[in-house]
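Welcome to a guided tour. Please open the structure in your viewer and keep the selection tool at hand.

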Amino acid sequence: MRRRPPGARTAESAGPPEQSAPPFHLDPTTIGWLLRTFVLLLLSCRLTSGAAPNLTEYQVKAAYIYNFTQFMDWPTNAFATTNAPVVIGILGEDPFGRILDEVVRNEVVRGRPLVVKRLRPDEDLRDCCVLFISRSEKERLPAVLHQLRGSPVLTISDSNGFAQQGGMVNLILVNQTVKMEINQTAVETAGLQVSSKLLKLARIVKP
Amino acid sequence: MMTLLPGNAPRCHAGLLALTGVLLVVASVPQAWGEEAATNATVQQLKSLSFEELMRVPVVTATRVATDPFDLPFFAKAITQSDYERMLPRTLPNWLQETPGVMVQKTANGQASPYIRGFTGFRTVLLIDGIRLNNSTFRDGPNQYWNTVDPLSVNRLEVVSGPGSVLYGSDAVGGTVNALTMGAPAPGTGNDWQGRTFVRASSAEESITTHAEANGPVGDKAALHVGGSWKDFGDLHGGSEVGTQPHTDYGEYDVDAKLDYLLAPNVKLTLAHQTVSQDDISRTHSTIYGINWEGLTHGTDLERSLDQDRHLTYLQLHATEMSGFIEKISFSLSDHIQDETQYRWRSNLSSEEAGVNVNTLGTWLQLESPSPVGRWIYGVTYYHDWVNSESRIYNADGSLRSTGIQGPVADDSSYDLTGVFVQDNLPSLGPVELTLRGRYEHIAADAGRIQDPVTGLPYSYSDSWDSVVGGAHALVHLDEQHHWNAYAAIGQSFRAPNLSDLTRFDIAGSGQIETPSTTVEPEQYLTYEAGLKARYARWELEATYFYTDIRNMIIRSPTGQTINGAAEVTKENAGAGYVQGVELQAQFRLLEQLTALATLSWQEGEVEAYPTSNPGVKVSEPMSRLMPMTSLLALRWEHPKGKYWAEAQCVLAARQDELSSLDQADTQRIPPGGTPSYTVWNLRAGWRPCKNFTFSAAVENLTDEDYRIHGSGVNEPGRNFILGADLRF
């Protein structure tokens, strides 16, 4: 513990309460310093490399899902009407919060609006075009994939071994960056077409 | 002056009441638990990234599965860097001030103690990266310790209101806040070193805060973060009537560092350290510098100030995505040193010096396992305090008069908390999700040197207790479109007697002196909570009701004796009572870039107390320093690309005249008759001229009103011009 010498403040040095000062108390010297600092910081916009704030894991995964809707082709029988939306379903615990909704808000893919829907296990999963299956559904995964077999639903997850078990796209964390695994056989069996450019970027998994 | 509702709360202008009603019909804060609040700029950035770019972006991962707060069966809120940029809070407790149900009381300019659902101090828990800030010396009532965490070292605050003892142990009665600290981008991603500088200046605080940090890789598998803050706070200026509040200045510096090392892609080892040092924090209300406002009195001390130092060092291991029964492991080993010294100069020029040094060894292990009967979260925790405490009294000439056997608490003491907990998130039963949880805790105290209040001689005391608590939460999805959720919860919490309860020998309230007690048992609480959440594309709403049954609160009990002219009080488990409240928050997107927000907090409660020095007279009276009815209304505009934003805000607080006997006697902090109501208008704006530079500005308390947070020892700032500049490179 630090010790302050006794009597360091005496009655004389303590004194009566000070008189009130004006509430706005920045003197010209301080104002000038602040203005000069502000101008220097503005100039630094052009000089520095421009490091952006970190993105979180699920912000990046939301961006992946959004990009998938731009690079996938669904068969015409995947939609009930010509202007039916592209439904992105989330099954299980939702790790995205608001970010997926905000990324797809007001976005359109080939004339169809993008919508996000949270699903319960007893709902018909085939109403979706894209289905993100949360890690919380790991135990039920075989049943879920069996239910969707042959349906034009792009299944995406971030669980270990998802693609090997028959899922289509797995978003995996490698050295704190998000990479893709794609089960091309599962994609083609469902009648979906993936851009060849996308296939070149992903790690292709064989079940 | 604007006032609020009829009855005990002040009356309101009709227009403002109507506006409040409209805004309360609509939505709530759309922040994902564990996720950074997405500004328009972030959303635009995400949309613009190609697959190739997404594959290169280093990400910040949550240490647990992130869950949308909309799907949580209790009130929870994530307060993020976006909120910091908007609010420019001076301290970590101020960062919480917009949270429903939270009142940030300030005994001094350098002290701040959040009241969460009616409880503060050692009935709330602050965690730093999951490590307890609370130790066995925390005293009853508001304290200064939450202000010893530098908000610029914190990335995000996770707030859980209500009982948290099952997961977090003793003290988690009113609520728990986990401060998750800053770190470096992930190792091995090929990123270069990055830096950040931040400056905040405030006119009414006469303050300058500067912060700098750097992050970068160390080889392929490690990454390092270092940061530091320097803060100079001048005398605080109140409103137009109060003006300068003298001797409220203080200084602070902070340092933090964190090294992350990847043992494997899914296994991370972290070594971190943080230091906070504060000097000369004056508690002016008990000195001749206390202000005269609304009939307040002030003390006669010439000086009463505090030096505070805190050092935390920890090693943590986090393993995720493991195969086998255990899917996730988290382990922590920490050493936490908290050191404080109080100086006091009396009017007769005699002085006192009292200090406490606590060294806490902490460790915990938490595991997660999915199973056919649900997802299990379980683990063990252990904390051990070594405590030294001393005091000295000096004569007017500076010579030593006496050395105390103890300081504010017993000297040469130890304290142990050992806990085992388990939580099961059961599989969904249709639209219903159920969570069950339980905890066993063993507490042991060994007070080495206590001053006998009668003989003045030293003695020692040891004791131990056991506590078992449990809880259940249920969440019901009310509609198939997932727009409405309802929840209900029942939870036990407890607070074990600590060294302050057992051995405190200090000034309790004004004109009283507290002597040690050795007969107390753990306090027990039972909380019921129910809530409704609604979320649509353009509006969201959350409404919560809680009721906490107080079983055997440890309260000050007069002995009928006096010591040095002050009434002697000690502690006993004699306080039964309750506290209940309502928390509302809503948000409505009026236009694509224009959002209206509103919150409302109401609390009411009573607890038994001894209002006089007569030990035979016990009454049920209002809980001390209960939050008055408070509402926040705001209108926010944000540029589509996130380059600019602006916010107009109005904070209304009702008069608080529901006072306990302790509140009524504390005329240095609470004006006679209660703390006046207030209405405060704030304007905020931000500008991002390029993606690495953010400029924020605020004019708070536009009308220069004199006001104070209920139970505080200083008034809040008057008209306050705040500037913030954040540069990343």
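## Stop 1

Begin by selecting B:Gln342, which stands opposite B:Ala354 in S18(B). These residues belong to strand S17 (residues 328-345) and strand S18 (residues 351-371) of chain B, which run antiparallel and are joined by 18 bridges. Strands here are DSSP runs of E with at least two residues, helices are runs of H or I with at least four residues, and both are numbered from the N terminus. Two strands count as paired if DSSP finds at least two bridges between them.

Before going on, note that this is a predicted model, in which local features need pLDDT of at least 70 and side-chain atom pairs count only at pLDDT 80 or more, while totals for chains, interfaces and linings use all residues. Residues are numbered from 1 along each chain as its sequence is written, chains are lettered from A and ligands numbered from 1 in the order in which they are written, and side-chain values use heavy atoms, with hydrogens and water left out.

Now select the 5 residues between S17(B) and S18(B), which complete a hairpin. In this turn, B:Leu349 has a positive phi of about 75°. S18(B) and strand S19 (residues 374-394) are antiparallel, with 21 bridges. To see one pair, select B:Asn357 and its bridge partner in S19(B), B:Asn388.

## Stop 2: an open sheet in chain B

Which order do the 5 strands of the open sheet in chain B follow? They run S2-S7-S8-S5-S6, with mixed pairing. Strand S2 (76-79) and strand S6 (131-132) of chain B each have a single partner strand, so one side of each is left without a neighbour in the sheet.

Inside this sheet, colour strand S7 (residues 154-161) and strand S8 (residues 175-181) of chain B: they are antiparallel and share 7 bridges. B:Val160 faces B:Thr176 of S8(B) across the pair.

Next, click on B:Asp129, in the loop between strand S5 (125-128) and S6 of chain B. B:Asp129 is not a glycine, yet its phi is positive, about 50°. Is B:Asp129 buried or exposed? B:Asp129 is buried, at 10% relative accessible area; buried means under 20%, exposed over 50% and partly exposed in between, using a 1.4 Å probe and protein chains only.

B:Leu88 also has a positive phi, near 50°. Find B:Leu88 in the loop between helix H4 (81-87) and helix H5 (92-95) of chain B. B:Leu88 is buried too, with 2% relative accessibility.

## Stop 3: the nonpolar cores

In soluble globular proteins, nonpolar side chains tend to be buried together. A nonpolar core here is a set of buried Ala, Val, Leu, Ile, Met, Phe, Trp, Tyr and Cys residues joined through side-chain atoms within 4.5 Å. The largest has 55 residues, and those with the most contacts inside it are B:Leu92, B:Leu96, B:Trp146, B:Leu157 and B:Val177. Strand S22 (residues 432-451) of chain B gives the largest share of this core, 4 residues.

Select B:Val177: leaving out residues up to four places away in sequence, its contacts (heavy atoms within 4.5 Å) include B:Ile116, B:Val125 and B:Val159.

## Stop 4: the largest cavity

A cavity is a set of points, on a 1 Å grid over the protein atoms alone, where a 1.4 Å probe fits but cannot get out; lining residues have an atom within 4 Å of a point. The largest cavity holds about 690 Å³, and 47 residues line it. Closest to its centre are B:Gln97, B:Tyr678, B:Tyr707, B:Ile709 and B:Glu716. The largest share of the lining, 4 residues, comes from S33(B).

## Stop 5: across to chain A

Finally, select chain A, where 7 helices and 11 strands are found. Of its 207 residues, 49% are buried.

Look for an open sheet of 8 strands in the order S4-S5-S3-S6-S7-S8-S9-S11, with mixed pairing. Strand S4 (108-109) and strand S11 (203-204) of chain A are its edges, each pairing on one side only. Within the sheet, strand S3 (residues 86-91) and strand S5 (residues 112-119) of chain A are parallel, with 6 bridges. End your tour at A:Gly89, whose bridge partner in S5(A) is A:Lys117.

Technical notes: 1 Å grid on protein atoms, 1.4 Å probe; cavity = no way out; pocket = protein on both sides within 12 Å on 5 of 7 lines; lining within 4 Å. Points joined across faces, edges and corners; volume = space filled by probe spheres on them.
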